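Here's a quick report on how two chains meet. Have a look at the model first, then read on.

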Amino acid sequence: MALHLIVAEHTGGKLVKATLAAVAAAQKVGGDIHALVIGQGVAAVAAELAPYAKTVHTAEHAGVKDRAAQPHAKVIADAAKSLGATHIWAASTGAGKDILPRVAARLDAGMASDISAVVSDNTFKRPMWAGNIIGTVEITTATKVITVRPTEFAPPAAGAAGNVTSMACDPGTSKMQFVSFDAVVSDRPALSDARVIVSGGRGVKGPEGFKTVIEPLADALGAAIGASRAVCDAGWVPNDWQVGQTGKVVAPELYVAVGISGAIQHVAGMKGSKCIVAINKEPEAPIFQVADYGLVADLFKAAPELTAAIKAAK
Amino acid sequence: MKFLVTVKRVTDYEAKIKLKADKSGIVTDGVNMIMNPFDEIGVEEALRQKEKHGGEVVVVSIGTTDSVAQLRSALAMGADRAILVKNDGELDSFGVAKILAKIVAKESPDVVIMGKQAIDDDSNQAAQILAELLGWGQATFANVVTLDARSATVAREADGGLETVKCDLPCIITTDLRLNEPRYASLPGIMKAKKKPLDEIELSSLGVDTALKVKVKAFEEPAAKQAGQKVPDVATLVQKLKTEAKAI
């Protein structure tokens, strides 16, 4: 029977919710679910996870107080071996992407990245070519390592609380160390977990347009701001606002594309959004092919009007 | 300081990716091929670090002789020499990492720079697997790289901010978008690139077991999105977002 080991991600003493997407994916395979929480003073995180696992194992050591790929990968691989885990799972967050391939290397295991569906205990679907193609991949090794796209798996319902036990933790010698973390301080939600995103493209005409048209609309909607590659390349907005294949892949509840033509590489990054609104003056713009609601209009008139209407509706 | 930078030949990010009729793979006829954009950032970073610290930039690709075009592009940007590991079989990330480990053993670079992912299979694994196989530290998703004689200090893109890690040399760095803006090759650069050394190595000569740990069994196109509707004005849009989509 499958024995799943879910690698918990936590920050500031709290469980990162994306971890539950990995639990949901493991449940689709079936079998016993174990979770692993690595760090120091992680009892609260373990308690948060307990309703989703048969056993939550804590691995605590000064050497893994902060997250670093090399020591964490060793601790995860050691735990997987001692438990006889068949599947090692994590959310495909920044940390999951950083660490899990090293775990696969230590276990000589095949790994499927960023899966969007579970087909069987060894076969998974995953987006390739920025989601333009879905590949079905089979992991041929006995031990399997998988990261899960959080937007594709709804968190499972909490069950009866499982056991919490501590296990041996030896981070080994590391050739790398964590130095510091500078959190981005912003009143806006982060692109990757925003419920609403307002994105601007070339049609916005310049950085001034982002200030006068995009920002007020985003403020009214409580939205994060995104952008197309063209405007990031042009230096109108920071590069980390970029939504698309070479930027961020997002799937908010509502995505409002303003003055974005809908180049393939942009659409690849946002077409998973639940509801897509496009405002563009060009009726033939490809963005309208993926938009649930398309408005052919001059954005400099329509966007402020929309901003006002949303404010009025509140 | 010696830099080894990986270069993968991939489909252009602006290209329309379509499945072949028999779904055995994607249509590549008439599709422009480019250097993986994240690898291009890697080449640029190695060149900038070489300008500061001196040394050599070696670029490596695994693939058919078609990949020579991308290696020449890297040489035209300013890389010193290139290595092509000739292979036309299927590889997974683990296989790629094992091959690169052999090249690292031959070349003994101080820093290996790779793109954070290739924009075709989007796996984001090979660099991290390579780091583990070598027992090296890694700095993935690099935003700023500072090198000294013994270590690399790297600010890296993490969820919610920038994380700084310090790695002993040798180490592996993977590039993220904001690390730099790659230069365009100059005409003299392109001319010079034609004469720079490009070694071809047969994969079989490296003695690497590249049996697939991950097999791609099928390709499909994602479910087409339902055709949307045009709305005449902002008022209708707001009303539909409220009552139909319940999105606001």
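Between chain A and chain B there are 39 residue pairs in polar contact, both at pLDDT 80 or more (a pair of N or O atoms within 3.5 Å; within protein, one must be able to donate a hydrogen and the other to accept it, and residues adjacent in sequence count only if both atoms are side-chain atoms). On the side of chain A that touches chain B, helix H4 (residues 94-107) gives the most, with 9 residues. This is a predicted model, where local features need pLDDT of at least 70, side-chain atom pairs count only at pLDDT 80 or more, and totals for chains, interfaces and linings use all residues. Side-chain values use heavy atoms, leaving out hydrogens and water, residues are numbered from 1 along each chain as its sequence is written, and chains are lettered from A and ligands numbered from 1 in the order in which they are written.

The rule also picks out 7 salt bridges across this interface (a side-chain nitrogen of Lys or Arg within 4 Å of a carboxyl oxygen of Asp or Glu). One links B:Lys213 and A:Asp108, at 3.0 Å from N to O.

Now the strands (DSSP runs of at least two residues; helices need at least four). Two of them pair across the chains, which takes at least two DSSP bridges:

| Chain A | Chain B | Pairing |
|---|---|---|
| strand E13 (residues 176-183) | strand E9 (residues 161-168) | antiparallel, 7 bridges |
| A:Ser180 | B:Thr164 in E9(B) | opposite each other |

As for contacts (heavy atoms within 4.5 Å), 82 residues of chain A touch 70 residues of chain B.
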